[in-house]
Amino acid sequence: MNDSTISRKNFIRNASVLVAGGTGLLGTAQRQEGASDGGSEGALGVEMTGSGDAAAVPANAPGTPGSGDQGKKNYSFKNVRLETGFDYEDNEVAHTRTELFIVKVADGKIAAVLPNDPKADAIDAGGRLMLPAFKDMHIHLDKTFYGGPWKARQKKNRSVRDMIALEQQINPELLKTSTFRAEKIIELLQSKGSSFARSHVNIEPTSGVQSLKNLQQALQNKKAGFGAELVAFPQHGLYYTASTGLMREAAQMGIDFIGGLDPQSIDGDIERSINFTVDLALEFNKGIDIHLHEGGDSGLRTVEYLIERVKAQPALKGKTFLSHCFVLARLDKAKQEAIADSLAGAGIGIVSTIPFGGTIMPIPTLYKYGVTVLTGNDSIIDHWNTFGTGSVLQKASLMAQLYGYSTEFDLSRSLKLATGNILPLDDKGKRQWPKVGDKASLVLLDASCSAEAVSRVPSVRTLVHEGMIVYSV
Ligand SMILES: [Zn+2]
């Protein structure tokens with residue numbers, strides 16, 4: 001890296017928007033393969049300061065907010081490595097083929113994918129691999145310690161009800177800085193290649209709808225470089241604390257999903273709680289994403305009752321998710337298969353942080369039956385957990401290690417966990433991304449192919465969100 005390259009630390013501390021020029025330094029493998037195809041101009045980065053993505057940006061910077069040409073976002077990358085197919089040995093995928101291309105971006109979308117021209121007037125991707133931007137599909141951007149000092153979680157407060165009592169104490173204080181901290185955590189996610197998140201946001205009597213308002217302010221400040229969908233989350237129970245009125249209010253405040261929490265162990269009534277959630281989602285045309293930590297009979301009955309209700313409501317198919325759903329890990333194999341089949345039939349997805357240790361989720365079984373599987377960091381650093389890195393590519397890597405997805409093919413497929421199920425190649429090795437008209441939300445990183453990216457979790461060098469170059473080192 002040369003002197004003009006931005007340090008990651010500075011990005012995290014100060015930057016809102018970074019402007020990419022040439023991104024010349026090649027990884028070792030790319031330098032060998034790509035040296036004759038492209039130049040290696042010095043990397044160029046400009047650090048911006050300020051709290052908003054609309055901060056002043058050099059007028060000649062392509063695809064950046066405030067460039068005097070906002071919304072146009074027309075430019076090209078050259079020396080872009082894209083996957084083009086699989087090579088087989090003994091009927092097994094042995095290698096992923098790649099070639100260098102020019103990728104044109106216009107109005108936030110992929111405008112063309114053309115044969116490479118190293119001399120083109122374009123931003124030099126330096127032979128780096130282009131992948132779809134990552135998506136963190138389960139996180140709590142509204143309540144985090146991130147942006148403040150390190151603090152590990154405490155041994156006490158183990159149950160969800162303990163945690164509710166703790167939140168009733170600390171949330172008023174957290175709300176004072178929650179907009180700032182949400183912006184910091186968004187910058188962390190961006191630095192790890194995510195330009196989109198599904199964030200749960202606390203809706204409960206202690207915070208009212210203020211946590212939602214504070215997060216919406218942070219998202220507004222960051223909207224040029226980051227997208228989100230929001231889940232109104234009754235973190236303190238719908239009935240355990242009186243939250244149904246607030247949930248109705250939140251449903252009319254620009255959220256996308258109605259959340260839920262452990263209907264039996266927190267609210268004491270599976271049907272009453274699920275019925276409220278489903279009915280509210282139907283009334284306001286929202287999706288559903290329910291935190292389900294509880295196991296045992298009540299956990300299973302919750303899953304089965306939700307399946308029953310969603311099957312009867314086609315509008316909710318494909319828009320309903322269970323987050324965590326640890327109960328699936330505790331079922332016997334035959335029951336896991338039966339439930340996976342039912343979930344797929346009802347169009348209900350599972351959002352998992354890929355836990356390990358005592359709880360191994362049946363992710364391979366979910367994939368086998370075609371259940372949509374998503375992942376997220378959940379917590380980066382907060383009172384619930386302290387292990388989040390911000391990288392969902394790391395989650396894909398953990399999944400591959402945990403379930404033995406170690407072949408070229410299996411590793412390449414595992415990338416979908418990080419991208420919200422977009423893969424550059426289909427299972428036959430035909431290129432399906434990027435296509436003209438796709439959103440120009442992408443990353444560039446030092447890897448020769450998806451499989452290597454999942455295996456090694458290289459640093460993300462460039463992030464583009466809907467044509468906007470957010471971050472480049
Ligand atoms: Zn969560």
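Ile258 stands opposite Ile288, a residue of strand β12. Strands here are DSSP runs of E with at least two residues, helices are runs of H or I with at least four, and both are numbered from the N terminus. Strand β11 (residues 257–261) and β12 are parallel and joined by five bridges. Two strands pair if DSSP finds at least two bridges between them. The model is predicted: local features need pLDDT of at least 70, side-chain atom pairs count only at pLDDT 80 or more, and totals for chains, interfaces and linings use all residues. Residues are numbered from 1 along each chain as its sequence is written.

Strand β12 spans residues 287–292, and six of its six residues are buried. A residue is buried if 20 or more other C-beta atoms lie within 10 Å of its own, exposed if 12 or fewer, and partly exposed in between, with C-beta atoms placed from the backbone. Gly287, Asp289 and His291 point one way from β12. Ile288, Ile290 and Leu292 point the other way. Strand β12 is also parallel to strand β13 (residues 320–324), again through five bridges. Asp289 has Phe321 as its bridge partner in β13.

Helices link these strands. β11, helix α7 (residues 270–283) and β12 form a right-handed β-α-β unit. From β12 the chain crosses through helix α8 (residues 296–311) to β13, and this β-α-β crossover is right-handed. A crossover is right-handed if, with the strands pointing away from the viewer, the path from the first strand over the helix to the second runs clockwise.

Helix α8 packs against helix α9 (residues 333–346) at an angle of about 30°, with the axes 9 Å apart. Axes are lines fitted to C-alpha atoms, for helices over the stretch in contact, and angles run from 0 to 180 degrees between N-to-C directions. α8 and α9 are therefore roughly parallel to each other. Angles under 35 degrees count as roughly parallel, over 145 as roughly antiparallel, 65 to 115 as roughly perpendicular and the rest as oblique. The α8 and α9 crossing is left-handed. A crossing is left-handed if the near helix is turned anticlockwise from the far one by less than a right angle, and right-handed if clockwise. Val303, Ile307, Val310 and Lys311 in α8 meet Ile339, Ser342, Leu343 and Ala346 in α9.

Helices α4 (residues 178–191) and α5 (residues 210–222) pack at about 45°, with axes 8 Å apart. α4 and α5 are therefore oblique to each other. Their crossing is right-handed.

His324 lies in strand β13. Its phi is positive, about 75°, although His324 is not a glycine. His324 is buried, with 23 other C-beta atoms within 10 Å. Cys325 lies in the loop between β13 and α9. Cys325 also has a positive phi, near 50°, and is a residue other than glycine. Cys325 counts as buried, with 28 C-beta neighbours inside 10 Å.

Phe145 sits in the loop between β8 (134–139) and α3 (160–175). Phe145 is buried, with 21 other C-beta atoms within 10 Å. Leaving aside neighbours within four places in sequence, Phe145 is in contact with Lys151, Ile381 and Asp382. Contact requires C-beta atoms, placed from the backbone, within 7 Å.

Methods:
Two residues are in contact if their C-beta atoms, placed from the backbone, lie within 7 Å.
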